[in-house]
Amino acid sequence: MSTATVPELERVLFTEEQIDQRIREVAAEISRDYQGKVVKLVGVLKGSIFFLTALARHIEVPVKIDFLGISSFSNKSGSPGLVRIAKDLDEGIEGEDIVLVEDIVDTGLTLRYLLQTLASRAPNSIAVCTFLDRNSRRIVQVPVNYRCFEIPDRFVVGFGLDYNQLYRNLGYVAVMKVEKGG
Ligand code: IMP
């Protein structure tokens, strides 16, 4: 689907070619850093699945994959960023080298919760790999070990990222028009 056929989209931010190239570079970094180890990629559903599968194909050390699903909610006073695990990992992670794979790190609240939860399960190590990073909106400081792209403060869709569950299947990343999400 080109942006011309999706009127809600303003412009393409990263093309399929740019995404593919950058994922290969990040996969090479991970392959170097995890030489001699088995890496377990933990994907956060659903946004990270396109990124995780593309990344995994280019990593050159043994890879395991697991997923967890989260849901975000607000409490009575309306504070954002409350997160709970809606679908847990299939297997334990004790003693394993974990790379938590995210679609985007925005405020950092989701990632902070996930890191705390996973750390309590005694993995050997945990690193964070995110497809997109919107550092300008960070509320809490969280470690990001690998990132494909830093993005401006606009709502984006594609390559796993959605607006009302739509547009995840776009091969590129695009900025939504302002009257929609962005
Ligand atoms: P955080 O807890 O604020 O860092 O939010 C991270 C989550 O918000 C991501 O995993 C996405 O699901 C969602 N999100 C944040 N920004 C965008 C965006 O621009 N497009 C689509 N989803 C987004």
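## Asp106 and its arginine neighbours

Leaving out residues up to four places away in sequence, Asp106 touches Arg134, Arg137 and Arg138, where contact means heavy atoms within 4.5 Å. Asp106 is placed in the loop between E5 and H3; helices (H or I, at least four residues) and strands (E, at least two) are DSSP runs, numbered from the N terminus. The side chains of Asp106 and Arg137 are joined by a polar contact of 2.8 Å, a polar contact being a pair of N or O atoms within 3.5 Å, of which, within protein, one must be able to donate a hydrogen and the other to accept it, while residues adjacent in sequence count only if both atoms are side-chain atoms.

Is Asp106 buried or exposed? Asp106 counts as buried because its relative accessibility is 19%, given that buried means under 20% relative accessible area, exposed over 50%, and partly exposed in between (1.4 Å probe, protein chains only).

## Basis of the model

This is a predicted model, in which local features need pLDDT of at least 70 and side-chain atom pairs count only at pLDDT 80 or more, whereas totals for chains, interfaces and linings use all residues. Residues are numbered from 1 along each chain as its sequence is written, and side-chain values use heavy atoms, with hydrogens and water left out.

## The ligand site

The ligand sits in the largest pocket. On a 1 Å grid over the protein atoms alone, a cavity is a set of points where a 1.4 Å probe fits but cannot get out, and a pocket is an open set with protein on both sides within 12 Å along at least five of seven lines, with lining residues having an atom within 4 Å of a point; a molecule sits in either if more than half of its atoms lie within 2 Å of its grid points. There are 14 residues around the ligand, of which Asp103, Thr107, Thr110, Arg134 and Val156 come nearest, a residue being near if one of its heavy atoms lies within 4 Å of the molecule or strand in question. E5 and H3 each supply at least two residues of this shell, and the largest share, four residues, comes from E5.

A nitrogen atom of the ligand is 2.6 Å from a polar backbone atom of Val156. Of the 490 Å² of accessible area that the ligand has on its own, the protein covers 80%, with accessible areas taken from the Shrake-Rupley method with a 1.4 Å probe and, for residues, only the protein chains shown counting as cover.

Helix H3 spans residues 109–119, and its residues Leu109, Leu111, Leu114, Leu115, Thr117 and Leu118 are buried. The buried residues of H3 pack against the strands E2 (39–45), E3 (63–73), E4 (82–87), E5 (97–105) and E6 (125–133).

In H2, the buried residues are Phe51, Leu52, Ala54, Leu55 and Ala56, and they pack against helix H1 (16–33) as well as E2, E3, E5, E6 and strand E7 (146–150). Phe50 is also found in helix H2, but Phe50 counts as partly exposed because its relative accessibility is 30%. Apart from neighbours within four places in sequence, Phe50 is in contact with Phe159, Gly160, Arg168 and Asn169.

## Loops and backbone geometry

The peptide bond from Leu45 to Lys46 is cis, with omega near -5°, and Lys46 is found in the loop between E2 and helix H2 (49–58). Ala122, in the loop between H3 and E6, has a positive phi of about 55° although it is not a glycine; Ala122 is partly exposed, at 42% relative accessibility. Gln165, a residue other than glycine, likewise has a positive phi, near 75°, and is found in the loop between strand E8 (156–157) and strand E9 (173–176), where Gln165 is partly exposed with a relative accessible area of 47%.

Gly171 also lies in the loop between E8 and E9 and is partly exposed, with a relative accessible area of 22%. Gly171 and Ile19 are 152 residues apart in sequence, yet their C-alpha atoms are 8.7 Å apart in space. Neighbours within four places in sequence aside, Gly171 is in contact with Glu16, Ile19 and Phe159.
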